[in-house]
Amino acid sequence: MNKKTIRDMDIQGKRVLVRVDYNVPMDEEMNITDDIRITASLPTIKYLLDNDASVILMSHLGRPKGEPKAKYSMAPVAKRLSELLDREVIFADDDMVVSDKVKAMAESLKPGQVMMLQNTRFRKEEEKNGEEFAESLASLADIYINDAFGTSHRAHASNVGVSRHLPSALGFLVEKEVGIMGKALDEPLRPFVAILGGAKVSDKIGVIENLITKVNTIIIGGGMAFTFLKAKGLEIGTSLLEEDKLDLAKELMEKARKYGVALILPIDVVVAREFKNDSEHFNVPVESIPSDMMGLDIGPDSIALFESVISEAKTIIWNGPMGVFEMDSFNKGTYAIAEAMVKSGAITIVGGGDSAAAVEKAGLADRMTHVSTGGGASLELLEGKLLPGIDAISE
Ligand code: AMP
């Protein structure tokens with residue numbers, strides 16, 4: 001990647017506007033339930049502060065749909081960041097995000113001070129990449145840094161628009177996310193195995209198409225596996241099916257054969273009559289799924305098969321759970337895959353979203369090479385797409 005990074009910038013004594021992804025999960029009382037996205041931004045912020053810059057942070061949070069809404073205020077995030085940095089974070093509590101008052105606050109910042117703006121999605125112009133809003137955000141600072149990996153697949157005012165008005169560079173988190181994924185995709189240690197799961201084939205078509213040209217093996221589990229099993233002529237009972245994707249599933253299996261890629265599907269599944277944790281469930285070979293039951297997890301033989309492939313791999317990329325991991329009765333496959341990845345000693349990369357949440361819950365996040373902070377953005381990287389938030393940064 002030939003984009004500028006934070007190391008290429010002269011930041012001494014400068015005001016630096018940093019787009020971070022602080023779209024963190026919160027409970028009803030606005031307590032942050034997972035602060036990984038905040039801790040992931042600390043290397044960039046600390047580097048700026050250690051080099052005598054002042055830092056202005058901006059992020060969106062939730063979906064306020066272009067209007068100020070108290071429950072999406074950045075105030076709790078500013079507070080948590082202040083605890084993590086062990087220094088004051090000045091909260092520019094203005095629903096306009098930028099105003100004369102906020103500009104004056106920015107101008108009075110001294111090197112080593114941190115300020116956080118209100119939720120950028122309180123302004124309608126944010127998601128429309130509005131020029132004036134972008135310009136007013138840019139007017140707060142001398143330099144712009146994009147460290148919001150999770151938003152990089154969007155072209156909004158606070159990540160793409162601002163880059164037109166300021167010298168720009170990538171922060172450490174984005175550099176790391178794109179670097180690790182890029183290296184794995186472009187020069188993988190082999191065997192290179194992709195594990196895909198989750199509910200829908202339709203969400204992963206682009207990923208499968210792109211990975212078929214790169215990997216040695218694709219393992220498919222989760223709800224999406226049933227459309228493939230059906231395409232192979234098996235009866236799948238009441239399992240998830242995307243009828244309109246059956247031909248595509250056949251084409252993808254054919255394409256895999258053409259490229260010499262092993263496409264591996266579950267050989268047994270855990271079936272239940274209802275989509276409920278306490279529904280009676282048992283294990284069956286994929287050839288004998290009862291007509292009134294649905295597959296909600298991969299079975300032990302599939303786990304053993306997938307484990308044997310994973311144990312031989314040198315690079316593994318995983319996106320999407322193997323079953324309905326939110327329910328204890330159907331989480332075994334997902335957790336077994338996470339464990340097998342850790343044990344393999346391979347380079348292990350977990351896409352964001354549900355698989356990242358599962359790895360966190362299993363306490364295995366620290367033992368993976370990389371767990372991405374962005375679900376949508378990492379999927380688009382796997383599809384081989386250019387992310388607008390990264391593309392916009394100076395070369
Ligand atoms: P995705 O957002 O496409 O990655 O899908 C994740 C969702 O897929 C999770 O909420 C899982 O509960 C769900 N899922 C995984 N396996 C199955 C399955 N066999 N049947 C129904 N839903 C599933």
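Q: Which residue forms a salt bridge with E274?
A: The general idea first: side chains of opposite charge can pair when their charged atoms come close. A salt bridge here is a side-chain nitrogen of Lys or Arg within 4 Å of a carboxyl oxygen of Asp or Glu. In this structure E274 pairs with K276, and their closest N and O atoms are 3.3 Å apart. Keep in mind that this is a predicted model, where local features need pLDDT of at least 70 and side-chain atom pairs count only at pLDDT 80 or more, while totals for chains, interfaces and linings use all residues. Side-chain values use heavy atoms, with hydrogens and water left out, and residues are numbered from 1 along each chain as its sequence is written.

Q: Is E274 buried, exposed or partly exposed?
A: Buried means under 20% relative accessible area, exposed means over 50%, and partly exposed is in between (1.4 Å probe, protein chains only). E274 has 41%, so it is partly exposed. K276, at 40%, is partly exposed too.

Q: Where do R273 and D292 lie?
A: R273 forms a salt bridge with D292, with the closest N and O atoms 3.0 Å apart. R273 sits in the loop between β10 (268-272) and β11 (281-285), and D292 in the loop between β11 and β12 (294-298), so the pair ties together parts 19 residues apart in sequence. The relative accessible area is 44% for R273 and 38% for D292.

Q: How many salt bridges does the structure hold?
A: There are 18. One of them joins R164 to E131, at 3.1 Å between the closest N and O atoms. This pair links distant parts of the chain, 33 residues apart: R164 is in the loop between β5 (143-146) and β6 (168-170), and E131 is in helix α5 (residues 131-138).

Q: What is the order of the strands in the open sheet?
A: Two strands pair if DSSP finds at least two bridges between them. Here 6 strands form an open sheet with parallel pairing, in the order β9-β8-β7-β13-β14-β15. β9 (262-264) and β15 (370-371) are the edge strands, each pairing on one side only. Within the sheet, β13 (residues 315-319) is joined to β14 (residues 347-350) by 4 bridges, and W318 stands opposite V350 in β14.

Q: Which strands does helix α11 lie across?
A: Axes are lines fitted to C-alpha atoms, for helices over the stretch in contact, and angles run from 0 to 180 degrees between N-to-C directions. Contact means heavy atoms within 4.5 Å. Helix α11 (residues 332-344) lies across β7 (192-196), β13 and β14, at about 160 degrees to β13.

Notes
Helix = DSSP H or I, 4+ residues; strand = E, 2+ residues; numbered from the N terminus.
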